[in-house]
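Hi everyone, thanks for coming.

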Amino acid sequence: MGIPSDDVVIIRPPERPGEPSLITISCPDKTGLGCDLCRVILLFGLNIVRGDFSTDGKWCYLLFWVVERGRKATRWSLLKKRLIAACPPASSPLGIDSYYFNRRQETATEQNPQVFLLMFSCYDRMGLLHDVTEVLCELELTIRRVKVSTTPDGRVVDLFLVTDTRELLHTKNRKDEACTQLSAVLGDSMCSCDIELASAELAECLQASSFLPPSVTEDMITLEFQEEPSSSLPRSSVSVDNSLSHAHSLIQIQCHDHKGLLYDIMRTLKDYNIQISYGRFNAAENGNCNIDLFVVQNDGKKIVDSNKQKALCSCLRMELSCSLRVNLISRGPDTELIVANPVELSGKGRPLVFFDITLALKILKIRIFLAEIGRHVVGDREWEVYRVHLGDDHELCGSRDKIVEAVTKMLMGWH
């Protein structure tokens with residue numbers, strides 16, 4: 001019958017200041033569970049410095065040692081609630097067949113949640129978009145698409161297509177809560193705020209499309225990115241060994257740490273339908289990481305096909321070195337910052353990307369003239385693409401390389 005739901009997730013605070021908190025999770029197993037849990041931890045702004053997980057194929061036990069990354073104090077009770085929601089239930093009174101039927105329904109709901117249009121206008125100021133993004137993150141509103149523009153008289157008109165993790169944005173109380181918190185941040189500069197259910201036409205804008213300006217496609221996605229960083233970071237190593245276990249393939253990874261590293265690895269394995277039976281992750285103080293993962297394919301067998309091994313290792317190396325693509329491109333008189341990251345096959349995007357982009361630009365004191373978020377299919381992969389038109393003051397902040405470096409460091413947690 002499993003264990004009580006209150007014991008699915010246990011969070012223990014550090015014994016001494018400066019030490020990591022320990023998250024213990026015990027629940028039924030499912031393919032991609034590690035990815036889903038790491039995504040929640042990343043969403044709450046926590047960095048995993050050590051991990052240990054094992055499963056017998058039916059029940060799993062996971063340990064995550066996490067540290068805060070300098071954002072606002074972590075809402076631990078809410079984190080626990082979100083982690084429990086990501087775990088399969090310990091028991092199903094309707095039987096195992098009903099459970100998997102319900103999981104299919106839940107997956108469909110996750111990919112097609114209710115979309116709302118948040119509209120507000122205010123007078124522009126430095127760091128405005130980041131402050132608004134931070135409020136939406138605190139409210140657990142996921143930004144699916146954004147259109148931000150500045151009028152000649154200095155007013156900003158913002159259109160956000162959002163979904164609500166709490167699934168309450170259709171209620172008056174939840175709408176009032178969102179507008180009240182935005183008003184508290186924007187103050188007297190806010191002119192209007194309104195939230196309504198997005199029309200079918202607007203919701204369709206969230207669907208992946210093949211259209212993207214050719215220059216963006218060439219510069220950001222189809223470009224042959226180096227599999228290793230151009231900086232002085234240590235070279236990443238990924239290998240598959242079938243000699244140490246009669247039942248599992250061992251994936252060994254050595255690389256430099258970055259924000260969401262474990263999520264990027266788990267996301268890749270989830271998309272390949274690779275199941276982890278046992279794994280260990282450790283990040284040293286110098287930033288070097290060692291990861292050992294004993295895995296099987298979704299058919300329960302080892303990865304013996306050499307072509308599949310090479311493809312998997314190549315994909316993991318790419319994610320380790322450039323999980324996000326950052327570039328600065330001239331568009332006539334405008335300068336556009338472009339950030340692109342792959343979307344999970346489940347349809348989920350990477351958390352906090354827009355938050356980090358706007359924070360980096362706020363620190364650099366660069367105004368945002370216009371911003372858009374869209375999803376595009378390039379080749380056989382779906383991408384989330386952030387396009388940010390910078391104000392003219394970006395030229396006062398130094399070279400283009402300095403802007404790209406600052407945004408990259410913020411996204412990768414190297415600041």
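Before I name anything, a word on labels: helices here are DSSP runs of H or I with at least four residues, numbered from the N terminus. With that in hand, I can tell you that Leu261 lies in helix 8. Please keep in mind that this is a predicted model.

First, the overall picture. The chain holds eleven helices and 16 strands. Of its 415 residues, 49% are buried. If you take the contacts between residues at least 6 apart in sequence, 69% of them join residues at least 24 apart.

Back to Leu261, then. Is Leu261 buried or exposed? Its relative accessibility is 2%, and buried means under 20%, so Leu261 counts as buried. What does Leu261 touch, once we set aside residues up to four places away in sequence? The answer is Cys255, His256, Phe281, Cys289 and Leu320.

Two packed helices are described by the angle between their axes and the distance between the axes. Helix 1, residues 33-43, packs with helix 8, residues 261-271, at an angle of about 150°, and their axes are 8 Å apart. That angle makes helix 1 roughly antiparallel to helix 8. The crossing of this pair is left-handed. On the helix 1 side, the residues that meet helix 8 are Gly34, Cys35, Asp36, Cys38, Arg39 and Leu42, and their partners in helix 8 are Leu262, Tyr263, Met266, Arg267 and Lys270. Sorted by class, that contact has six nonpolar, one polar and four charged residues.

Now a second pair, further along the chain. Helix 10, residues 353-363, and helix 11, residues 400-412, have axes that come within 9 Å and cross at roughly 135°. Helix 10 is therefore oblique to helix 11. This crossing is right-handed. Helix 10 contributes Val353, Asp356, Ile357, Leu359, Ala360, Leu361 and Ile363 to the contact, while helix 11 brings Ile403, Ala406, Val407, Met410 and Leu411. By class, we get eleven nonpolar residues, no polar ones and one charged.

How many of the eleven residues of helix 4 are buried? Ten of them, so helix 4 is mostly covered. Among the buried ones are His130, Asp131, Glu134 and Glu138, as well as Leu128 and Val132. The buried residues of helix 4 pack against helix 5, helix 10 and several strands, including strand 5, strand 6 and strand 15.

Glu384 lies in strand 16, residues 381-390. With a relative accessibility of 3%, Glu384 counts as buried. Which side chain makes a polar contact with that of Glu384? Tyr386 does, at 3.2 Å. Leaving out residues up to four places away in sequence, Glu384 also touches a whole set of others, among them Val339, Asn341, Arg350, Ile373 and Arg375.

That's the tour. I'm happy to go back to any of these spots on the screen.

Key: Residues numbered from 1 in each chain as written. Predicted model: local features only at pLDDT ≥ 70, side-chain atom pairs only at ≥ 80, totals over all residues. Heavy atoms only, no water. Axes fitted to C-alpha atoms, helices over the stretch in contact; angles between N-to-C directions. Helix = DSSP H or I, 4+ residues; strand = E, 2+ residues; numbered from the N terminus. Parallel < 35°, antiparallel > 145°, perpendicular 65-115°, else oblique. Left-handed = near helix turned anticlockwise from the far one by under 90°. Contact = heavy atoms within 4.5 Å. Nonpolar A, V, L, I, M, F, W, Y, C, P; charged D, E, K, R; others polar. Buried < 20%, exposed > 50% of the residue type's maximum accessible area, 1.4 Å probe, protein only. Polar contact = N/O pair within 3.5 Å; in protein donor to acceptor, adjacent residues only side chain to side chain.
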